[in-house]
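Welcome! Then let's walk through it together, step by step.

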Amino acid sequence: MEELSERKTKILNALIKNYLDTGEPVGSRTISKYTDLNLSSATIRNEMSDLEELGYIESPHTSAGRIPTDKGYRFYVDNLMAQKDREVADMKEFVIEHTEKMENVLKQVVRLLANNTNYATMITAPSVSRNKLKFLQLSVVDDNHLLAVIVLDGNVIKNRMIDIDERPDDETVLKLNLLMNTALNGLALDQINLGAIARLKEQAGDHAATVGRVVDAIAEAISEDEDLEIYTSGATNIFKYPELSDTQMASRLISTFEDKTELANFVTEDDGQEIQVYIGDETNVSTMKDCSVLTTSYDLGDGMKGTIGIIGPKRMDYENAYDNLKTLRSQLDGIFKKKERDGS
């Protein structure tokens, strides 16, 4: 199949997308509104004539507009599949190369989902369920302070400054690190009981007070209730659906996406990662009574879990939304776990 110029490809794609949406022959004036080429209707007519001569489109007898031929459909589908393959490859490369930049990864994911579905989308930053202490590192800052670097499951790092009565020497700091890591690593907050703390203080001798303060800092870090981070995309897609585009209703929906507080209601806690569907009043969010919401959880390993969601009209394409959520969840789960297995 011959190569088409970028301009012809965009015009053909726009024509086919419009025909798929309407089932009506497509004219040059429609194409001029449908693309970002900023071309005149006359130029588009010339390009469409070329596409017709090449066999990609044809003109029905009853209309001056054009419809795609089998050859045009084949070109569209082949290019669509190639584009989706590139998007998946780009996503994998992006995630693997920029794992440390989680915020950028999640924003990329939520934009991709909005583009693929034409609905509004959300994703929460991963949170750690039942945090456990993974590692502790104490180091001397000055005569009155120790720095405790507390690493939790999922490699979440918390720094705490510990007040001390007397500066310990390097050997003492080494012994405290060994003592506390041996006793506490792998424990959740509810497993660090009074008996364990008493034994630690007894072993620490003269530095029992310091051990107590470090344990308090660990408990604070584990139980810290941070604000849930939610990234959204495609909020303006709601204007594409007449039942949601009423000025007052659309304004309330946009505000919900900007504020994000109510979106936290959709955080999925299902370990089975089943896709949940909320229709109308089932959402318990007043601004979304005319919407449907699909959510699922993703799991990056080490207890790092988050939620992906799609918000659209009640007449949304549930099958497409479901497939996109399922595919994206599998990609996130698989990519991160593969990276972890490979040790890269």
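Asn118 sits in the loop that links helix 5 (102–117) to strand 3 (120–124). Because its relative accessible area is 35%, Asn118 is partly exposed. Its backbone deserves a look too: phi of Asn118 is near 65°, which is a positive value in a residue other than glycine.

Another loop, between helix 9 (247–259) and strand 9 (276–279), holds Glu262. Glu262 has a relative accessibility of 30%, so this residue also counts as partly exposed. Leaving aside residues up to four places away in sequence, Glu262 touches Thr256, Val285 and Thr287. Val285 lies 23 residues away from Glu262 along the chain, yet the C-alpha atoms of the two are separated by 6.8 Å.

Now step back to take in the whole chain. You can find 10 helices and 11 strands in it. Of its 344 residues, 42% are buried. The chain exposes about 18,800 Å², and carbon and sulfur atoms supply 46% of that area.

For a closer look at packing, turn to helix 1 (residues 6–22) and helix 3 (residues 41–53). Their axes are 10 Å apart and meet at an angle of about 85°. Since angles from 65 to 115 degrees count as roughly perpendicular, that is how helix 1 lies relative to helix 3. Helix 1 brings Arg7, Lys8, Ile11, Leu12 and Leu15 to the contact, while helix 3 brings Thr43, Ile44, Glu47, Met48, Asp50 and Leu51. Sorted by class, this contact of helix 1 with helix 3 has six nonpolar, one polar and four charged residues.

Finally, how confident is the predictor? The mean pLDDT of the chain is 79, with 81% of the residues reaching 70 or more. Confidence is highest in strand 1 (residues 57–58), at a mean of 92, and lowest in strand 4 (residues 127–128), at 60. Over residues 338–344 pLDDT stays under 50, and the model has four contacts beyond four places in sequence for this stretch. Where pLDDT is low, the predicted coordinates should not be read in detail.

Notes: Residues numbered from 1 in each chain as written. Predicted model: local features only at pLDDT ≥ 70, side-chain atom pairs only at ≥ 80, totals over all residues. Heavy atoms only, no water. pLDDT = per-residue confidence, 0-100. Helix = DSSP H or I, 4+ residues; strand = E, 2+ residues; numbered from the N terminus. Contact = heavy atoms within 4.5 Å. Buried < 20%, exposed > 50% of the residue type's maximum accessible area, 1.4 Å probe, protein only. Areas by Shrake-Rupley, 256 points an atom, 1.4 Å probe, with all protein chains shown as cover. Axes fitted to C-alpha atoms, helices over the stretch in contact; angles between N-to-C directions. Parallel < 35°, antiparallel > 145°, perpendicular 65-115°, else oblique. Nonpolar A, V, L, I, M, F, W, Y, C, P; charged D, E, K, R; others polar.
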